[in-house]
Amino acid sequence: MQMLLTFIGRGTYLEEGGQALSEFLVDVLPRETIVWKLQMLRIASSFVNSRLHAVRAQTLVLASGYDVLLPSREEAQRLQSMLENCRVRHFRDNGHTILLEGGFDIVTTIKGAEYYRRSSQTDFIADYLPPTPSELKKILDSFGILNFANLVMLSTLPDGKIVRGLAGLPEEGPVVLVGYHMLMALELVPLVAGVLSSTGINLRGLGHPFLFNKYSEQLLPESSLFDVCRILGAVPVTTFNFYKLLSEKHFVLLYPGGAREVLHRKGEEYKLFWPEQPEFVRMASRFGAKIIPFGVVGEDDICDVLLDYNDLLKLPFYDIMDKKLNKDSVKLRADCTGEIQNQPIHPMVVLPKVPGRFYFIFGKPIETRGREMELTEKENAQHMYLHVKSEVENCIKYLKEKREEDPYRSILPRLLYQAVHGHNAEIPTFEL
């Protein structure tokens with residue numbers, strides 16, 4: 001059973017603000033009635049507070065930031081510290097009647113907090129509800145600075161011809177899209193939302209457990225920071241989830257470089273940090289899934305890294321934050337060696353730039369159907385794994401070279417083109 005507690009307001013607590021509240025309601029209710037109701041609230045509050053520690057149900061606390069009647073952030077933090085299974089979502093621009101206000105969707109909030117489920121146990125695949133058109137539009141609007149980069153999305157047909165658009169993507173799964181992870185995963189929302197809005201294909205990304213950890217999100221500046229990823233279909237990266245997604249013929253988005261690529265250091269743009277073992281090839285071949293390598297460039301047109309992990313380690317007292325961020329995190333690739341082993345989660349300091357363009361290219365699909373027995377052999381699987389990695393590197397190389405020929409790579413030519421042809425006009429790019 002889920003329990004939803006809504007605490008809205010940015011004001012004083014009843015115990016402290018009873019007089020102010022009484023003055024506000026004096027024209028509506030008799031003074032004696034107000035005093036009696038406040039006394040009832042104090043008694044009820046004491047009774048409930050003494051038993052909050054015993055609540056085991058999932059609890060979602062919604063806290064509005066624009067309400068002069070009731071407490072908000074402070075009360076939400078208090079409840080989060082007392083309730084064992086609690087998550088908090090803050091809404092700065094909402095008021096006292098948050099559930100009745102336009103633009104607020106309680107279903108979207110529940111989905112983003114990972115609290116929607118069809119049974120007593122959470123199932124990231126079966127419980128998932130694809131984003132509605134209004135949810136997708138809101139996501140695209142909220143990432144306007146990235147959408148303003150005017151995505152260039154290319155794909156490769158089975159005959160090897162590169163075309164603009166996504167005609168080269170298969171119409172049916174199972175499919176595994178394998179590619180390079182940009183700095184801070186800047187490409188993730190434009191990629192998933194762009195493919196969904198263009199083709200109706202919902203990419204199910206295999207994400208780091210940090211994205212789903214309710215304790216980790218308490219350390220973030222905004223607890224709902226990763227809700228968009230969950231709404232767009234991300235699931236924790238586990239062998240079971242990978243298996244189930246492929247068995248149900250989904251399009252799976254996989255980044256072998258994982259957190260090491262997302263949190264790469266200075267001078268490591270577009271460098272792959274893949275493990276040595278063919279982690280995904282044999283699983284994909286088991287279901288006859290197509291493997292599509294892809295590349296993306298443009299992060300260096302969006303921001304520059306000022307402080308990376310090596311710089312942070314030199315700062316006084318940073319080790320305290322580092323321990324908090326990684327204290328309860330799941331250790332991935334503990335059996336690997338080198339710098340990709342147990343990649344720590346850490347913040348980064350970046351300098352935003354005038355937004356450039358993001359360039360995506362999906363390579364030629366690689367078939368595994370009919371090669372199941374062949375790819376059970378470790379050597380054959382390793383050969384295909386290296387082939388996929390090489391194709392991803394080739395995709396990145398192609399985009400880095402071709403974007404130099406794009407007359408609309410800079411923001412001013414794009415603005416001029418849109419001023420002449422309309423805001424929704426597709427902006428040209430380099431010759432294919």
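Author: A residue counts as buried when its relative accessible area is under 20%. In this predicted model, buried residues make up 49% of the 432 residues in the chain.

Reader: Is R230 buried or exposed, and in which helix is R230 found?

Author: R230 is found in helix α8, which covers residues 227-231, and with a relative accessibility of 7% R230 counts as buried, because that value is under the cut-off of 20%.

Reader: Which residues is R230 in contact with, once its neighbours within four places in sequence are left aside?

Author: The contacts of R230 beyond those neighbours are R89, K111, G112, A113, E114, Y128, L211, F212 and E217.

Reader: How should I read the sides of a helix, and which residues of α15 are buried?

Author: The general idea is that an α-helix has 3.6 residues a turn, so residues three or four places apart point the same way. In helix α15, made of residues 411-421, the buried residues are R414, Y417 and Q418. Seen down the axis of α15, these buried residues fall within an arc of 95°, so they line one face of the helix. On the other side of α15, the exposed residues are L412, L416, A419 and V420.

Reader: Now for the strands: how many residues of β10 are buried, and which strands pair with β10?

Author: Strand β10 spans residues 290-297 and is mostly covered, with seven of its eight residues buried. With strand β6, residues 175-179, the pairing of β10 is parallel and runs over five bridges, and here V176 stands opposite I291 of β10. With strand β13, residues 359-362, the pairing of β10 is antiparallel and has four bridges, and there F294 has F362 in β13 as its bridge partner.

Reader: How many helices and strands does the chain have, and how many disulfides are found?

Author: The secondary structure of the chain comes to 15 helices and 13 strands. A search of the whole structure finds zero disulfides. Among the cysteines, C303 is buried with a relative accessible area of 7%, and C395 is buried with a relative accessible area of 7%.

Reader: What share of the contacts with a separation of 6 or more comes from residues 24 or more positions apart?

Author: Residues 24 or more positions apart account for 81% of those contacts in the chain.

Terms used. Residues are numbered from 1 along each chain as its sequence is written. This is a predicted model: local features need pLDDT of at least 70, side-chain atom pairs count only at pLDDT 80 or more; totals for chains, interfaces and linings use all residues. Side-chain values use heavy atoms; hydrogens and water are left out. Buried means under 20% relative accessible area, exposed over 50%, partly exposed in between (1.4 Å probe, protein chains only). Helices (H or I, at least four residues) and strands (E, at least two) are DSSP runs, numbered from the N terminus. The arc is that of the directions from the helix axis to the C-beta atoms. A disulfide is a pair of cysteine sulfur atoms within 2.5 Å. Contact means heavy atoms within 4.5 Å. Two strands pair if DSSP finds at least two bridges between them.
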